[in-house]
Amino acid sequence: MEIDWKPLIQAARAASEHAYAPFSKFKVGAALLTTDGRIFTGCNVENRTYGLTICAERCAITAWVAAGSPGQLQALVVHADLSPPARPCGMCRETLAEFAKDLPILLINPDDEHEEVSLKEIFPQPFEWAGP
Ligand code: THU
């Protein structure tokens, strides 16, 4: 299915402006599209202990889960001021893999430089334990 990236890019960009990143000054925004057409956004939320920092991608996932996990994850946009565009960290890849076997991901920066990758491509071997 063809993804309409434009509203997702706008949402990720807007979310990045809400980032709480006084320590790194690196603002990240994420926008998740679900199969029922809804968009869930997230931004990075840093903490003075550093280790408690939440990335934008996981922030968007928790917003989707808190809304009842409607539909299925269909696409993700990550926006940050980096060239080449920033890729999700390992922890976010693992978290995305909890909820999607594969996912088209558009990485983009303020100059519209972008790269499309897939979750499978950037995280080919997730932890697959099914639980007890
Ligand atoms: N960050 C994200 O929001 N997503 C990532 O995938 C990588 C890193 C944030 C965390 C921290 O606030 C800042 O970027 C610098 O690492």
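**Core, ligand site and backbone**

Modeller: Leaving aside neighbours within four places in sequence, leucine 103 is in contact (heavy atoms within 4.5 Å) with Leu32, Leu73, Gln74, Ala75, Leu76, Leu96, Val117, Ser118 and Leu119. This is a predicted model, in which local features need pLDDT of at least 70 and side-chain atom pairs count only at pLDDT 80 or more, while totals for chains, interfaces and linings use all residues. Residues are numbered from 1 along each chain as its sequence is written, and side-chain values use heavy atoms, with hydrogens and water left out.

Colleague: How many residues has the largest nonpolar core?

Modeller: A nonpolar core is a set of buried Ala, Val, Leu, Ile, Met, Phe, Trp, Tyr and Cys residues joined through side-chain atoms within 4.5 Å, where buried means under 20% relative accessible area, exposed over 50% and partly exposed in between, with a 1.4 Å probe and protein chains only. In the largest one, the residues with the most contacts inside the core are Leu32, Leu73, Leu76, Leu96, Leu103, Ile105 and Leu119, and its residue count is 22. To repeat the value asked for, the size is 22 residues.

Colleague: Against which elements do the buried residues of H2 pack?

Modeller: In H2, the buried residues are Ala56, Glu57, Arg58, Cys59, Ala60, Ile61 and Trp64. The elements that these buried residues pack against are S1, strand S2 (39–43), S3 and helix H3 (90–99).

Colleague: Is alanine 100 buried or exposed?

Modeller: Alanine 100 is found in the loop between H3 and S4, and, not counting residues up to four places away in sequence, alanine 100 touches Leu73 and Leu119. Because its relative accessibility is 9%, alanine 100 counts as buried.

Colleague: Which side-chain atom distance separates glutamate 46 from an oxygen atom of the ligand?

Modeller: The ligand is surrounded by residues with a heavy atom within 4 Å of it, namely Ser24, Phe26, Val28, Asn44, Glu46, Thr53, Cys55, Ala56, Glu57, Arg87, Pro88 and Cys89. For polar contacts (pairs of N or O atoms within 3.5 Å; within protein, one must be able to donate a hydrogen and the other to accept it, and residues adjacent in sequence count only if both atoms are side-chain atoms), an N or O atom in the side chain of asparagine 44 is 2.9 Å from a ligand oxygen, and a backbone N or O atom of cysteine 89 is also placed 2.9 Å from a ligand oxygen. For a polar side-chain atom of glutamate 46, the distance to an oxygen atom of the ligand is 2.5 Å.

Colleague: Where is serine 16 placed, and which backbone oxygen does its side chain reach?

Modeller: Serine 16 is in helix H1 (residues 5–17), and serine 16 is buried, with a relative accessible area of 6%. The side chain of serine 16 reaches, at 2.7 Å, the backbone oxygen of arginine 13.

Colleague: What is omega for the cis peptide bond that joins serine 83 and proline 84?

Modeller: Proline 84 is found in the loop between S3 and H3. For the cis bond that joins serine 83 to proline 84, omega is about -5°.

Notes: Helices (H or I, at least four residues) and strands (E, at least two) are DSSP runs, numbered from the N terminus.
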